[in-house]
Amino acid sequence: MSDNKLVILSKQFAVEIIHLCEAMKARGKASAIINQLLRSGTSIGANIHEGNYASSKADFINKFQIALKECYETDYWLSIFYDAKIISYEEYDLAITKCSKLRKILIASITTAKKNMKRMKCE
């Protein structure tokens, strides 16, 4: 999957997280922790976007690793909201499925970039 596809998916995910957070706030739920989800869920795409303009392969890997960490944090907040019955199973399942897809692509991208970096050092 190309980096462009990853940028598109992460941007779509960020928009969906924004809408989910708005819906939770409209239901009168605790906005302090909603903001945690909002920050982590939108940060994934921001770091991917920034990584695509990295100054070096190491910088690219670093930005994608930050995006991966944000995926894990987003996963955590989604599970908290679901367990606390703040979001429905349908909302949780949709978001967690997309978050997992982003995470898998990020892991593959980081792994590939690290392998390419090692090959470059050996040459």
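Biologist: Let's start with a single residue. Where does S109 lie?

Modeller: S109 lies in helix α4. Keep in mind that this is a predicted model, so what we read here are computed values.

Biologist: Is S109 buried or exposed?

Modeller: Buried: its relative accessible area is 15%, and the cut-off for that label is under 20%. Setting aside neighbours within four places in sequence, S109 is in contact with L6 and F64.

Biologist: Okay, let me zoom out. How many helices and strands are there in the protein chain?

Modeller: Four helices and zero strands. Walk along the sequence and you read the pattern α-α-α-α. The C-alpha atoms fill a box of roughly 60 × 20 × 20 Å along the principal axes.

Biologist: And what percentage of the 123 residues count as buried?

Modeller: That's 37% of them. If you take contacts with a separation of 6 or more, 71% come from residues 24 or more positions apart.

Biologist: How do I read a pair of helices?

Modeller: Two packed helices are described by the angle between their axes and the distance between those axes.

Biologist: Is the crossing of α2 and α3 left-handed or right-handed?

Modeller: The α2 and α3 crossing is left-handed.

Biologist: Which residues of α2 and α3 make the contact?

Modeller: From α2, they include I33, I34, L37, S40, I44 and N47. From α3, they include F60, F64, A67, E70, W77 and F81. The residues of this contact divide into 13 nonpolar, seven polar and four charged.

Biologist: Let's pick a charged one. Is E70 buried or exposed?

Modeller: E70, in helix α3, counts as buried at 17% relative accessibility. Leaving out residues up to four places away in sequence, E70 touches S40, S43, I44 and N47. Now compare chain and space: E70 and L20 are 50 residues apart along the chain, and 17 Å separates their C-alpha atoms.

Biologist: What about S79, is that buried or exposed?

Modeller: S79 is also in helix α3, and it counts as buried at 19% relative accessibility. Its C-alpha atom is 14 Å from that of K98, which is 19 residues away along the chain.

Biologist: How should I think about a nonpolar core?

Modeller: In soluble globular proteins, nonpolar side chains tend to be buried together. Here the largest nonpolar core has 31 residues, and M24, L37, I44, L78, F81 and L106 touch the most other members. Helices α1 (3–26), α2, α3 and α4 (89–122) each supply at least two residues of this core.

Biologist: What does F81 touch, not counting residues up to four places away in sequence?

Modeller: F81 touches M24, I33, I34, L37, I86 and I87.

Biologist: Can we do L102? Which helix is L102 in?

Modeller: L102 lies in helix α4, where it is buried with a relative accessible area of 2%. Apart from its neighbours within four places in sequence, L102 is in contact with L6, L9, S10, F13, I44 and C71. As for A23, it is 79 residues from L102 in sequence, with 23 Å between the two C-alpha atoms.

Biologist: Last one: how do I read a backbone angle such as phi?

Modeller: Most residues other than glycine have a negative phi. In this model, K85 has a phi near 60°, a positive value in a residue other than glycine.

Biologist: Where does K85 lie?

Modeller: K85 is in the loop between α3 and α4. At 71% relative accessibility, K85 counts as exposed, since the cut-off for that label is over 50%.

Technical notes. Residues are numbered from 1 along each chain as its sequence is written. This is a predicted model: local features need pLDDT of at least 70, side-chain atom pairs count only at pLDDT 80 or more; totals for chains, interfaces and linings use all residues. Side-chain values use heavy atoms; hydrogens and water are left out. A crossing is left-handed if the near helix is turned anticlockwise from the far one by less than a right angle, and right-handed if clockwise. Contact means heavy atoms within 4.5 Å. Ala, Val, Leu, Ile, Met, Phe, Trp, Tyr, Cys and Pro count as nonpolar, Asp, Glu, Lys and Arg as charged, and the others, Gly among them, as polar. A nonpolar core is a set of buried Ala, Val, Leu, Ile, Met, Phe, Trp, Tyr and Cys residues joined through side-chain atoms within 4.5 Å. Buried means under 20% relative accessible area, exposed over 50%, partly exposed in between (1.4 Å probe, protein chains only).
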